[in-house]
Amino acid sequence: MGEWGAFYGQVGPNPVATFQGAMPHIFRKRADWNVIELPCVENTEENRRLKEAMNECGLQTSLSGAIRHPKIRLQEGWDEYLADLAPPMRLKLSQAEHALRRVGPLSFHRWRPTGASDGKTVRRWDLLQHVAELKRASDQYSSRADIELAFIRDAHPGAVDLAAVDLCTLNIGRRTIAAAYSYVSNGILTPVLFVTDPQYAAHASDVLMGYLVRDGFMRQDSEIVFRSEHQDLAAGWTNDAATALTYGYYAWMSPQAQMLRLKQNRKKKLNTARGSIPTSGVSDTATTIQLFSPS
């Protein structure tokens, strides 16, 4: 599923070495590759060796795409981070929180199971159902939403077992008005889906984001990396950015491959212009602590 996370790639304790070993094995087999793409590779010195591994197999590989992902570094403290936000952003957040509290008791709940290694593998399909209901009720609902929800449902049991699920809800009384479904690994949170009740959409997403970030500081997460399509939602919150690269090989004698190469180059120019650690908190968070003191 395209651009569902910031970075993709091989897994394991030494992913680049894994790739370097796999490429020669693949090309010892009979194959007639016209296109090979490695999308969403994190822009690090180690990962740039992937291009060298492809070149060593006789593939003239080039950088064919680059996408900037908004990022929040959680390396100071919540109070310092909040103070660094632009004054209009702090005012907007305060007003949104107070507006929702006038409707009813506001609470934030976070579920982050510790997985099979800890015997914590309850699936909590009820929480996932809240996400699905809000997604279908939201103004953003489309035919693609069913595909997204099906993907999350299918991956959910395995993600729970691996302690990779993070699910947050914002509630007024017993009513869930916003939710965020994310994956988490090694202290890095990658939100996959944000959904809000259309009735509270003007305020709920800001307040949910505030609680999500604040709780991330409490848990000593290291960073939150957003999907590129969440740039508008993340605007005003981010203090850093991450770049995802795409390496590609396109056979010169294949017209289809060259058309794809040109398309990727245009996409690269467009995106360039746009410019598991142990947690200190508990695995489940339920709080009514306010982001701001009542006025």
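Where is the place of Thr61? Select Thr61 and you land in the loop between helix H2 (49-56) and strand S2 (62-73); helices (H or I, at least four residues) and strands (E, at least two) are DSSP runs, numbered from the N terminus. Before moving on: this is a predicted model, where local features need pLDDT of at least 70, side-chain atom pairs count only at pLDDT 80 or more, and totals for chains, interfaces and linings use all residues. Residues are numbered from 1 along each chain as its sequence is written, and side-chain values use heavy atoms, leaving out hydrogens and water.

Thr61 is buried at 7% relative accessibility (buried means under 20% relative accessible area, exposed over 50%, partly exposed in between; 1.4 Å probe, protein chains only). Show its contacts (heavy atoms within 4.5 Å): leaving aside residues up to four places away in sequence, Thr61 touches Lys51, Met54, Asn55, Tyr247, Gly248 and Tyr249.

Next, pick the aromatics. The structure holds six aromatic pairs (Phe, Tyr and six-membered Trp rings with centres within 6.5 Å; planes under 30 degrees apart are stacked, over 60 edge-to-face, the rest tilted). Trp78 and Tyr81 make a tilted pair, because their ring centres are 6.0 Å apart and their planes sit at 35 degrees. Both belong to helix H3 (residues 78-84), three residues apart, so about one helical turn separates them. Trp78 is buried at 11%, and Tyr81 is buried at 4%. Now jump to Tyr181 and Tyr183, an edge-to-face pair with 5.7 Å centre to centre and 90 degrees between the planes. Tyr181 is buried, at 0% relative accessibility.
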